[in-house]
Amino acid sequence: MMEAAILNAVNGGKLAQLAGLSARYADPVFSVAHGGHVRTIAAGHYTVAGLSKHVRLGEFVAHRSATGIHLGEVVRVEPDVVFVCPIEPGEPIGIGDTVIRKGAFRVAPDNSWCGRTINSLGEPIDGKGPLARGLAPRSIANTAPPSMSRSRVEKGFKTGVRAVDIFSPLCLGQRLGIFAGSGVGKSTLLSMLARADAFDKVVIALVGERGREVREFIEDTLGDNMAKSIAVVATSDESPMLRKMAPLVAITIAEHFRDQGDNVLFIADSITRFAHAIREVAVASGEPPIARGYPASVFTELPRLLERAGPGVEGTGTITAIISILVDGDNHNDPIADSTRGILDGHIVLDRSLAEEGRYPPINPLASISRLARKAWTDDQEKLVSRLKSLVHRYEETRDLRLIGGYRAGSDPDLDMAIKQVPVIYEVLKQTPGEKPALDAYTDLATALRAAAGQGNPPSAIARR
């Protein structure tokens, strides 16, 4: 009804009536006050005259076309025109079409959203009917809580993935990156971590995913956990604007539940495709690239998104973020991977060579690190893990020497121990998505080592040797 009234006003040339229509048909998501018209059209964006004095970067506008009302985001403002990137691909745009200022894009999350799948515009796509609108709309461009007002990260939790719980344990409110090349197993590991029981809510942003995998992830991977989950989906064939908005909408929903006191798990797969979407939008608006084709706005938007995760202000809940990063050509120092690694509180590295050996999840325990591990480990566990890493390192660095027969057993007691125990450790760390989450990774490891050694040495004895 609101849009029909706006169109009637526009068709009659009565743009001055828009403010009154906005008040009459109040929309909690948008506000309408000013209008302009399309001046030029180019691939990826169009320009609008008459709005330069009334809009700000990041605000949304509504474009009236032959097929209805379509949204766009303001990506550049000049004295005479503003540059707008359309939200929907293939939108019919004509010179002189009316464009109306809408303001900041907001979503109004509600507890009833749990179990639902939505798109980047906050609209349901699961065929389960309309979504209830919450009482407090939130801008998707929110900022992180003030650093000195945030609570501290103190409490660890079990993910159920043995390789993570032993070598890179996580805490509530931590932000962790999973770094890997294409096809190594990032999404599979994310699906295993999503089953952790430590969280009240799970919010998932699937950015640039293959369309066929969405239902598999939601129905097979999440399973019963979908009852406490919300999925925000923007597949690879959708516009860069929708792919850019998906993680912003998802983190805004996560903030809603965090402020209610819930411990929320936020999963984004992948942050690299989010960066690619920002790049497409920025380049289309004329922003020059500065680092391997990435414009400066990419490195501004990444910390804005990632800093919104973490602990909330005192008295609220936490957002634990697990982010996947696709490293181009298995280069872990590409600009996105390098920038993201410096923002996050730890990283898990998936090694293609381990995947080729059939070791899943292919986590490299020596290259992976959790910056908050000491808050999750006990003193004995920290000593044990340090010793385990030493054995793994010794085992790997002498692999070529042992393969050519250049090592004689008994000449190095530590290496002898590594040769006996590291294959057992590797076997314990193997885990498939179909397995139940491990209740206690250290107990599983101790049991396997005792069985291999044929004696009852506790795992802490390894650390004291």
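Q: Why is Leu401 called partly exposed?
A: Leu401 has a relative accessible area of 37%. Buried means under 20%, exposed means over 50%, and partly exposed is in between (1.4 Å probe, protein chains only), so Leu401 counts as partly exposed. One thing to keep in mind is that this is a predicted model, where local features need pLDDT of at least 70, side-chain atom pairs count only at pLDDT 80 or more, and totals for chains, interfaces and linings use all residues. Residues are numbered from 1 along each chain as its sequence is written, and side-chain values use heavy atoms, with hydrogens and water left out.

Q: Where does Leu401 sit, and which residues form a nonpolar patch with Leu401?
A: Leu401 belongs to helix α13, residues 399-403. Helices are DSSP runs of H or I with at least four residues, strands are runs of E with at least two, and both are numbered from the N terminus. On the surface, Leu401 forms a nonpolar patch with Leu403 and Ile404, and together they have about 350 Å² of accessible area. Nonpolar side chains (Val, Leu, Ile, Met, Phe, Trp, Tyr) are joined within 5 Å, like charges within 9 Å. Areas come from the Shrake-Rupley method with a 1.4 Å probe, and for residues only the protein chains shown count as cover.

Q: What makes Glu255 buried?
A: Glu255, in helix α6 (residues 240-259), has 2% relative accessibility, so Glu255 counts as buried.

Q: How do you know that the side chains of Glu255 and Asn142 make a polar contact?
A: They are joined at 3.5 Å. A polar contact is a pair of N or O atoms within 3.5 Å; within protein, one must be able to donate a hydrogen and the other to accept it, and residues adjacent in sequence count only if both atoms are side-chain atoms.

Q: Why is Arg175 called buried?
A: Arg175, in strand β12 (residues 175-180), has a relative accessible area of 9%, so Arg175 is buried.

Q: What does the side chain of Arg175 reach?
A: The backbone oxygen of Leu306 is at 3.3 Å, and the side chain of Glu307 makes a polar contact with Arg175, also listed at 3.3 Å.

Q: How many of the protein's residues are buried?
A: Of the 465 residues, 54% are buried.

Technical notes. Patches are made of residues with over 30% relative accessible area and no salt bridge: like charges are joined within 9 Å, nonpolar side chains (Val, Leu, Ile, Met, Phe, Trp, Tyr) within 5 Å. A salt bridge is a side-chain nitrogen of Lys or Arg within 4 Å of a carboxyl oxygen of Asp or Glu.
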